[in-house]
Amino acid sequence: MARSGPLAGTRFLLGEGSTHIGRSPESDIIVRGPNAATVSAQHAEISRDGEGTWRIHDNNSTNGTYLNGQRIAEAELRADAIIQLGTDGPKFCFVTEEVMPSPLDGTLVIPEGILMPPMRPAPTPTLDTEGHEGLLADAVRRARRARLAGFGGQTTRIMRDVLHRALRRSSRRFRIAIWTLAVALALTSSLGYWKIMRLKGDKAAIDQRIQEVEARLDQPLDSPEQIDRLISQLDAYEGEAQTLQRNLLYRVGGVQKETFVMRAVRSLMAEFGAEVYSIPPEFIDRVNAHIEQYQGPDRPNMVRALNQAKPQIRAMQRILEQEKLPPDFAYVPLVESALSARRNSPAGAAGIWQFTPATARDYGLRVDGIVDERRDLTKSTRAACVFLRRLLLDFGTGSSVMLALAAYNLGPAKVTQAVRKSVKDPFKQRNFWYLYRARALPPETREYVPKVFAAIIIGRYPDRFGF
C-alpha cells in the first residue's frame with residue numbers, strides 16, 4: 001500500500017510472479033508525480049520464492065531501495081515493512097491480510113469492510129469472436145472491482161492475463177494457420193541464409209585475390225608496367241567486392257570483422273571523403289607501428305598533447321572548423337613539432353606548424369629580427385589553414401586529402417616532382433593509394449601520412465591506447 005505521494009492510500013495486489021515498481025510504463029506499479037524524481041525506470045522488484053517467502057530486490061537503481069530505513073540490494077519482506085524508493089522518494093507499506101476468493105485472480109485479497117457487488121458468471125461463448133469479446137468484458141469488470149476494493153495499478157496485469165487466456169482459446173484453424181506461417185517463414189529464412197552465405201563466400205574469394213595482389217605489390221617488381229597492371233587488376237576486384245557489398249542480403253548478413261585500428265582508419269577516410277574498399281596492409285602496419293611508438297618512446301609527447309597542451313589542440317580545432325577544414329588536422333603539429341612553439345628544424349622551420357621563413361611570409365606571417373609570428377598559435381594556425389586549403393585544391397579531393405597531408409610535410413613542389421617522374425597518367429598522379437602502392441612517393445612522405453593517422457586515432461580514443 002502506498003504511504004506517500006499522489007498514490008497514498010492506494011493498494012497494489014502482489015501476484016504469483018514478479019511485481020516491478022518504477023517510472024516505466026512497463027512496470028506493474030507505475031510511480032508518477034512530484035516525488036518520482038528519485039525513482040528509476042525499473043527501480044525494484046518484489047517476488048515470492050519457492051518457500052513462500054516474499055523478497056524485494058533492487059534493480060541497480062540510481063538512488064537505491066530502502067527497507068525500514070536501511071538501503072538494501074535484496075531482502076526478505078515481513079508484515080508492515082516500509083519500502084522507500086530513494087532517500088526522499090515515495091514510501092510503500094507491505095501488508096498481509098486474510099483473503100477471500102475473487103474472480104480477479106487466485107490471490108486477490110479483499111480487505112474487510114469492502115462490499116463487492118455480486119458477480120454473474122460470464123456466458124460460455126460459442127464462437128472465437130464471442131469468446132474474445134467475453135474475455136474483454138470480463139477484464140473490464142475485474143478492473144472495476146479491483147478499483148472499488150482499493151487495489152490500483154492492476155490494469156496491466158489483468159490485460160496480460162486476458163491475452164494468455166485468449167491465446168489458449170484460439171481455434172484449431174488459427175493454430176494450423178500459425179504453424180503454416182511458421183513453416184513458410186523457416187523455409188524463407190533458410191533460403192535467405194543460403195543466399196547470404198553464398199554472397200559471403202563470393203566476397204571471401206574476391207578478398208583473397210585482393211590480398212594476393214597486395215602481397216605481390218609489396219615485393220620488388222620488374223617494371224612500372226607490371227605495377228600498373230597489378231593495380232588495375234586490384235581496382236577490378238575492388239569493384240566486384242563493392243557490388244556484392246551493396247546487395248541487401250549481404251548487408252543483412254552482417255559486417256566483416258576488422259581490427260579497431262582498421263575501423264578507425266576507415267572512419268577517418270570516410271570523413272575525409274576518401275573511402276576505398278581495400279587499404280594496403282602495409283599502411284595499416286605503419287599506423288600500428290606509430291601507435292606503438294607513441295605508446296613507448298614518444299609517450300611523453302602524446303601525454304603532453306592530451307593533457308598540458310589540450311587547450312592548444314582545442315583552440316586549433318576551433319580555428320580549423322571555422323575555416324571549414326577537418327578539425328583532426330590539429331594533430332598535424334604533434335607530428336611536426338610535438339606541439340612546441342620553440343621547436344626549430346635544421347632546415348630553418350620553426351613554430352608548432354614548422355613553417356620555413358619563406359613559406360610563413362607567403363601566407364601572411366611576419367618573420368624578421370623583431371617578431372616571429374610562426375610561434376603565435378592563433379596566427380600560425382590561420383596561416384596553416386590557408387596553406388592546407390591550397391594543397392587540397394592543388395591535389396584535388398578524395399584520397400588526395402592524404403596526398404595534401406604528405407605535401408604539407410615535404411612541400412608541394414617536391415611531391416609533384418616525385419609523382420610526375422614516376423607516373424605519367426595525370427589522373428593517377430592525384431590518387432594517393434595508387435602512388436602509395438606504386439612507391440612513387442618519397443619514403444619520408446609514405447611514412448608521414450600513417451604517422452598523422454596514428455596521432456589522430458590516439459587523440460580520438462586515448463583510453464583505448466592507455467592514455
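1. Strand β8, residues 81-85, runs antiparallel to β9, and 4 bridges join the two. Within this pairing, Ile82 has Cys93 of β9 as its opposite residue. The model is a predicted one, which applies to every point below.

2. The β8-β9 pairing belongs to an open sheet of 4 strands, ordered β6-β5-β8-β9 and paired in the antiparallel sense. Its edges are β6 (70-72) and β9 (91-94), each of which pairs on one side only. From one strand to the next, the twist averages 35 degrees.

3. Another antiparallel pairing links β3 (residues 44-48) and β4 over 5 bridges. Here Ser47 stands opposite Arg55 of β4. The two strands make a hairpin, with 5 residues between them. In the turn, Gly52 has a positive phi of about 85 degrees.

4. Strand β4 also pairs with β7 (residues 74-76): 3 bridges join them, and the direction is again antiparallel. In this case Arg55 stands opposite Glu76 of β7.

5. Which residues of β4 lie on the covered face, and which on the uncovered one? Trp54, Ile56 and Asp58 make up the covered face of this strand, residues 54-58. Arg55 and His57 make up the uncovered face. As background, side chains in a regular strand alternate between the two faces of the sheet.

Conventions. Residues numbered from 1 in each chain as written. Predicted model: local features only at pLDDT ≥ 70, side-chain atom pairs only at ≥ 80, totals over all residues. Heavy atoms only, no water. Pairing = 2+ DSSP bridges. Axes fitted to C-alpha atoms, helices over the stretch in contact; angles between N-to-C directions. Buried < 20%, exposed > 50% of the residue type's maximum accessible area, 1.4 Å probe, protein only.
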